[in-house]
Amino acid sequence: MEFAETLETVLRDLQAQCAVQPRIRADDMYGIMLFAPDGSGQGLTSPPGGTAAERLANLADQVQEWAVEALWSAGASAVWPQCPTHPDTHPLTATVRTDTAVWVCPKRGTTLARIGEPETQ
């Protein structure tokens, strides 16, 4: 149950700010799968241990990996989530700060949003 809730949190960001949306399917062998419009898929894993914030940042990183590949495959800018300070330059980085999973600009190191609380672009 916790994994599903964590995934739902990350998907709020994806739904608000990504041009490509996944088809999500549970698979007996690979667990939860995200599928792109071109049919490619990626499995998501929940690493054991760590804090809830660390697990959320880890899952956000996995979904980001899927999104970048799906955007590139669709011929769109392969940057998600977009850095509002540096659009189409680099994606934000999922990390943990003060026990909170956040999106950070890797260039400036500034926290821009909590994961799961997106600003709609």
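Predicted model: local features only at pLDDT ≥ 70, side-chain atom pairs only at ≥ 80, totals over all residues.
Me: Which residues touch the most other members in the largest nonpolar core?
Reply: They are L14, V63, W66, W80 and I115, in a core of 27 residues.

Me: And which elements give two or more residues to this core?
Reply: Helix α1 (2-17), helix α2 (52-73) and strand β5 (100-104) do. The largest share comes from α2, with ten residues.

Me: Let us take I115. What is I115 in contact with, leaving aside its neighbours within four places in sequence?
Reply: The contacts of I115 are T9, V10, D13, L56, A57, A60, A94, A101, V102 and W103.

Me: Changing topic to the sheet: in what order do the strands come?
Reply: The order is β4-β5-β6, in an open sheet of three strands with antiparallel pairing. At the edges are β4 (93-97) and β6 (111-114), each of which pairs on one side only.

Me: How many degrees are neighbouring strands turned against each other?
Reply: On average they are turned by 45 degrees, with direction ignored.

Me: How many bridges join β5 to β6?
Reply: Three bridges join these antiparallel strands. Within this part of the sheet, V102 stands opposite R114 of β6.

Me: Where does α2 lie relative to the strands?
Reply: Helix α2 lies across β4 and β5, and α2 runs at about 175 degrees to β4.

Me: Staying with that helix, is Q64 buried or exposed?
Reply: Q64, which lies in α2, is buried: its relative accessible area is 9%, and the cut-off for buried is under 20%.

Me: What is in contact with Q64, apart from neighbours within four places in sequence?
Reply: Q64 is in contact with W80, P81, P91, L92 and W103.

Me: Two tryptophans there. How many aromatic pairs does a search of the whole structure find?
Reply: The search finds one. The pair is W80 with W103, whose ring centres are 5.5 Å apart.

Me: Why is the pair edge-to-face?
Reply: The ring planes of W80 and W103 stand at 75 degrees, and planes over 60 degrees apart count as edge-to-face.

Me: Where in the chain are the two partners?
Reply: W80 sits in the loop between α2 and β4, whereas W103 belongs to strand β5. The two are 23 residues apart, and the pair links distant parts of the chain.

Me: Are W80 and W103 buried or exposed?
Reply: Both residues are buried. W80 is also one of the core residues that touch the most other members.

Key. Residues numbered from 1 in each chain as written. Heavy atoms only, no water. Core = buried A, V, L, I, M, F, W, Y, C linked by side-chain atoms within 4.5 Å. Buried < 20%, exposed > 50% of the residue type's maximum accessible area, 1.4 Å probe, protein only. Helix = DSSP H or I, 4+ residues; strand = E, 2+ residues; numbered from the N terminus. Contact = heavy atoms within 4.5 Å. Pairing = 2+ DSSP bridges. Axes fitted to C-alpha atoms, helices over the stretch in contact; angles between N-to-C directions. Phe/Tyr/Trp six-rings, centres within 6.5 Å; stacked < 30°, edge-to-face > 60°.
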